[in-house]
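The sequence and structure come first.

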Amino acid sequence: MAMLPKKLSPKSLLKLLKSEKNPNTALSLFDIASQHPNYTHDAITFHHILRKLGSSDPKFIPHITRIVDMIQTQKCLCSEDVALTVIKGYAKNLMVDNAMEIFQNMKEIFGCVPRVRSFNTLLNAFVVSGQLSRAELFFKYFGTMGVCPNLETYNVLIKLNCKMKRFDKAKELLGWMWEIDLKPDVYSYGTLINGFVKNGRLGDALKVFDEMFERRLYPDVTCYNILIDGFLKNGDYDSGKKIWERLVKGSSVYPNVVSYNVMINGLCRCGKFNEGLELWDRMKRNAQKMDLFTCSTLIHGLCELGNVNGAERIFKEMIETGLSPDVVVYGVLLNGYCKVGEINKCFELWELMGKEDCRNVTSYNILMRGLFENGMVDEAISIWKLMNENGVVADSTSYGILIHGWCKNGYLNKALKVLQAENKMDAYAYSSHVCNALINGFIKASKIEDALRFFGEMSSRNCLPTVVTYNVLIDGLCKGERFGDAYNLVEDMLQKGWTPDMITYSLLMDGLCQSKKIDLALKLLSQIVSKGFKPDVTMVNIIIHGLCSAGDLENASNLGLCRESLGSSTYQVKVDMSSVLADGSCCFEKKNCASTRHLELEEENVEMNNATTSNYLMQSLYRLHNENNSVEIYNQTLSFSLIPSFVSPNRTITKLTSNLRLSDSTIFLYKYVNNKIVINS
C-alpha cells in the first residue's frame, strides 16, 4: 500500500486511489486519509471511492453506508452523479428500500435534487428486484414531480411490461415512442425480443427483430444472440441456423464469443456435435478466444456422443492456450471417461483434479457412480471414504449412488444398514431416490417381501413414495404373479393422491397377459380409456400380443377402440400390430392367416415398409413350410429398400434347399448377397 504524503490534498489522494486496483487497499488509504490532520475529502474523492466499492463485492455495502454518513456530516456538496452511484450500488444488491431512502433524502445528504436519471435508476431497481407493482406506482410519481420521461424511462417500462407478460402494451409503447419522435434504440427492441423469447413466443420475437430492419434500426450482436439461443433451446435448429447465417453475412455486426458459445451449445443440444466442432475450429480461425463455457459445452457434447478422444483434444488445446479448467470442465471429462469404462484415465484425471484443487461433492459422485457401474465396488468405497476424510459433505445424490451401487452389485445388506442408521438420517438427506434404489435392489434379488416391508417403512422415515416407487413394486409383484397385490398397490396409489401413469398400467397389463389373464387385462384397458387416458403404442402392443397368444386373433385384429383413441399414433400402432399379428397368427399354425392379414392391412392403407414386420412374416411362414409366400415377402421388403435381418433369409434358403428347389434357392441367394447381407455359414 502506498504511503500518504505529509502534506495531503484531495488531488494527491485521488491519484493514489486511481492507481490502486484492490478495493480493500483503496478503502484503507481512504480511511487513513480521513484521519489525516488538516485534510478534508472533496466531492470528487467521495465519488471515486464510492464507485470503486459499488462495483465490487457486496461485503463493501456497509462501508458505502458509512461513507454516505460522512458526506452528510461534512456537509460536502455533491452532484447527482454521486447520489446515483450510491443508489445503483444498493440497487445492484437488491437493497431497494435503501436506494429509495437515498433518493428521498438527496437534498439533505448531498445537497442536490433528483432528476430524471435518478428517477429512472430507482424505477429500474424496482423492476429488477421484481417489485413490479411498486414500479408502476413510482412511474405515476414522475408526473406529480414534474419529471419528463425520456428514452431510458420508456425502455425500463418495456422491461416492466415484459416481466408482467403484457406484451401488447410493450409493443404499444414502442409504437408510441415512434409517434412522439422519441426514437426507440436497439436496447428498446432487444428488451422486447428478450421478453418474447423467455416466454417461448419465438415467432413474435422474430417479427420484432425484422421490424428493426424495416425501421432502418439495425440489431446489435446481443439481439442476434438472444434469438439464436431461444430457437436452439426450443429445438428449432433450422430457425436458429438461419439467424446465425444472417449474423455471419451481415455487414454491420459480427459474431462475438457469446455468439459462438450460444451456437455451439445449441448445436450440442440438438445432437449436432460434428457441426459444433466445425464451428469451434472456425472460432479459432477467426481469432475468437474460447472460454470455459465453450470448452465445457463441447467436452460434454462429445462425451455424450461417446467420442472421448475428441473431448480429450478439446481439453488439451484448452490447457495449451492457457485456459485453466474449472471443476465443471474436469467433472464433464471425468464423467465421459466413466461412461466408456476408461477407468485408468479416470484415476489419472482424478489425481490431476486433486493437484489443482478442483474436486467437489459432484466430482466424488461422478467417480463413485462410474466405479460402481463398472463393478469396481471396493474402489468406489475407497472414494467414499476419501470424501469423508477430506471433509467433503455428502449430499442426497452421494447416498443414492452409494446405495444404488451396493444394490446393483448384490450388497443389499450393506445398503440397508446405511438406511437403518436412524441417528444419521438427517445427514443422509433421506430421499425417495435413495429408497427407490434399495427397493429395486430387493426386487432384482427376488426379495419381494423385503421390498414390501421397506416400502411400508418409508412413510415413518418421512420419505414419501413416488410413482416410480410404485411402478418398481408393481413390476416385481407382476413378475412374481402376485396380481392381487399389484392391483391393491394401484388402489393404494389412488387413495394417497398419486395418479398412475401409462407405465403403471402397462406393467400391470403385461403381467396379466403373461399369465393368460386376458379378460382382466381387457377390463383394465376399458377402465383406462374410461378415465380419459389414451393408450400408447406399448400398451396396445401388449394387449395385441396377449390376445394372439391366447388365440383370439379376431379381437387382436380389430381393437377398434384403441385405434380411435390413439389419434395421430394410429399408423405406428397398425404397423407394430401387423408385426405382432403376423407372429401370433402362425403360433396356431394358420398357414394362410399371416399372408392374408398382410393383404388386409395393405387394403387398409397401412404401408408394410417395416423391416420388423417383414422379418416376423418371413420367420412365421417358413416355420409353417410356406416358403413361396416367404420369398414373396422378402421381395417386397427389398422393393422398399429395407434390409431384413440375416435370420429370416438364412432359414428361407435352408427350407428351399431342403425341398430340392435349388434354382429358387440360387436366385434367393443372389438377391441376398447383392443387397450386401452376409449369409450365416
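Which helices each supply at least two residues of the lining of the second largest pocket?

## Basis

This is a predicted model, in which local features need pLDDT of at least 70, side-chain atom pairs count only at pLDDT 80 or more, and totals for chains, interfaces and linings use all residues. Residues are numbered from 1 along each chain as its sequence is written, and side-chain values use heavy atoms, without hydrogens and water.

## Second largest pocket

Helix H5 (80-92), helix H8 (116-128) and H10 each supply at least two lining residues. H8 gives the most, with four residues. Helices are DSSP runs of H or I with at least four residues, numbered from the N terminus.

A pocket is an open set of points on a 1 Å grid over the protein atoms alone, where a 1.4 Å probe fits, with protein on both sides within 12 Å along at least five of seven lines; lining residues have an atom within 4 Å of a point. The volume of the second largest pocket is about 190 Å³, and its lining includes Lys-88, Asn-124, Lys-159 and Tyr-187.

## Largest pocket

The largest pocket holds about 350 Å³ of space. Of its 16 lining residues, Lys-159, Thr-191, Asn-194, Gly-195 and Lys-198 are the closest to its centre. H12 contributes the largest share of the lining, seven residues.

## Helices H18 and H20

The axes (lines fitted to C-alpha atoms over the stretch in contact) of H18 (residues 292-305) and H20 (residues 327-339) come within 9 Å and cross at roughly 10°. The two helices are therefore roughly parallel, a term for angles under 35 degrees.

Conventions:
Axes are lines fitted to C-alpha atoms, for helices over the stretch in contact, and angles run from 0 to 180 degrees between N-to-C directions. Angles under 35 degrees count as roughly parallel, over 145 as roughly antiparallel, 65 to 115 as roughly perpendicular and the rest as oblique. Grid points are joined across faces, edges and corners, and a volume is the space filled by probe spheres set on the points.
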